[in-house]
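Please open the model in a viewer and follow the stops below in order. Each stop names what to select and then describes what is found there.

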Amino acid sequence: MRVDGLVREFDRRRVLDGVRLDIRAGEFVALLGRSGCGKSTLLRVLAGLDREIEGEVLVPRRRAVAFQAPRLMPWKRVWRNVVLGLPGRPERAVAERALTEVGLDHRADAWPKTLSGGEAQRASLARALVRDPDLLLLDEPFGALDALTRITAQRLVAEVWRERGCAVLLVTHDVEEALLLADRVLVMADGRIAHETAVELPRPRDVGDPRWTALRAQLLGRLGVAEADGGAESGMDSGRDGGAGARRTPDGRGADR
């Protein structure tokens, strides 16, 4: 994927200001930034949902997006939601394969209103995966989940990425989430990519590794967040899984301090 000189304006206000971005095949990239910096606008452009732009945008034909809100049609059963929008009349087996991949095959016949938040998000992910994307776009897909469900969802996305080998762009407010999942973390500010950090740490990531801690502090600093007593201050989220009273262990599970 390549973006060069991307500009998007709303009522003469420049939201994307000459964005330049490259993502290699199979790379996992996380995009951080404060609210209003242009993250979601950029993702919508990449998804092909916003075409009123200037500049060069080259993306794979096979791409899919999962949003923070699952956006399931309440009048369609889960499996029909998964294949919604696919050309032709895809068979149920197509949906079931994607649902099995996200651990939700046993809920194929359920109505969306009966799903938990985590199950609904997995159904949304299955709807993206059924398109066999070369580029998977994730717009804060874990933001509305509770702490434990969020950790499970993060691990699921990591597993799917390893097995599929597709490129992933994850938009998030969570610094720790970005460092746990991504090969490279970008910070967006004022409509541009303002900072880039390679996360050259072995997987699974160890949050006790001094290198991980240093990267976290560096990114928080870039986001204008001060740290005190080991916790982040200000409105920027450095990990919503329990705040200062919880941490992530190397295998992805939560643990009390």
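## Confidence and overall layout

This is a predicted model, so begin by colouring the chain by pLDDT. The mean pLDDT of the protein chain is 86, and 88% of its residues reach 70 or more. Select residues 229-235, where the pLDDT falls below 50; this stretch has 13 contacts in the model beyond near neighbours in sequence. Next select residues 237-257, over which pLDDT also stays under 50, with 51 contacts beyond four places in sequence. Where pLDDT is low, the predicted coordinates should not be read in detail.

Now switch to a cartoon of the whole chain. The secondary structure comes to 7 helices and 13 strands. Of the 257 residues in the protein chain, 49% are buried. Among contacts between residues at least 6 apart in sequence, 64% join residues at least 24 apart.

## The second largest pocket

Select Val65, Ala66, Phe67, Arg127 and Arg131, which lie nearest the centre of the second largest pocket; 17 residues line it in total. Strand β5 provides the largest share, with 5 residues. The volume of the pocket is about 360 Å³. By class, its lining has 11 nonpolar, 1 polar and 5 charged residues.

## The enclosed cavities

The model contains 3 cavities of 30 Å³ or more. For the largest cavity, select Ala66, Gly118, Gln121, Arg122, Leu125, Leu138, Pro141, Phe142, Ala153, Leu156 and Val157, which form its lining. Helices α4 and α5 are the elements that give two or more residues to that lining, and α4 gives the most, with 4 residues. This cavity has a volume of about 90 Å³, and the residues around it divide into 8 nonpolar, 2 polar and 1 charged.

For the second largest cavity, select Leu125, Leu136, Val157, Val160, Trp161, Cys166 and Val168. The space within this second cavity is about 40 Å³. Helix α5 supplies the largest share of the lining, 3 residues. Which classes of residue make up the lining of the second largest cavity? There are 7 nonpolar, no polar and no charged residues.

## Salt bridges

The structure holds 22 salt bridges, and three of them are visited here. Show the side chains of Arg24 and Glu27, whose closest N and O atoms are 3.0 Å apart in a salt bridge. Arg24 counts as exposed, at 55% relative accessibility, whereas Glu27 counts as buried, at 4%.

Move on to Asp132 and Arg164, a salt bridge in which the closest N and O atoms are 3.3 Å apart. Asp132 lies in the loop between α4 and β6 (135-139) and Arg164 in helix α5 (residues 147-164), so the pair ties together parts that are 32 residues apart in sequence. Asp132 is partly exposed, with a relative accessible area of 37%; Arg164 also counts as partly exposed, at 27%.

Arg184 counts as buried at 9% relative accessibility, while Glu196 is partly exposed at 47%. Finally, select Arg62, Glu101, Asp132, Asp134 and Arg164 together: salt bridges that share partners join these residues into one network.

## Backbone details

Most residues other than glycine have a negative phi, and most peptide bonds are trans. The last stops concern the backbone.

Select Arg203 and Pro204: the peptide bond from Arg203 to Pro204 is cis, with omega near 0°. Pro204 is placed in the loop between β9 and α7 (210-222).

Then select Asp11, where phi is near 50°, a positive value in a residue other than glycine. Asp11 is in the loop between β1 (2-10) and β2 (13-22). Is Asp11 buried or exposed? With a relative accessible area of 79%, Asp11 is exposed, because the cut-off for that class is over 50%.

End the tour at Arg71, which has a positive phi of about 55° although it is not a glycine. Arg71 is found in the loop between β5 and α2 (78-82).

How values were computed:
Residues numbered from 1 in each chain as written. Predicted model: local features only at pLDDT ≥ 70, side-chain atom pairs only at ≥ 80, totals over all residues. Heavy atoms only, no water. 1 Å grid on protein atoms, 1.4 Å probe; cavity = no way out; pocket = protein on both sides within 12 Å on 5 of 7 lines; lining within 4 Å. Points joined across faces, edges and corners; volume = space filled by probe spheres on them. Nonpolar A, V, L, I, M, F, W, Y, C, P; charged D, E, K, R; others polar. Salt bridge = Lys/Arg side-chain N within 4 Å of Asp/Glu carboxyl O. Buried < 20%, exposed > 50% of the residue type's maximum accessible area, 1.4 Å probe, protein only. pLDDT = per-residue confidence, 0-100. Contact = heavy atoms within 4.5 Å.
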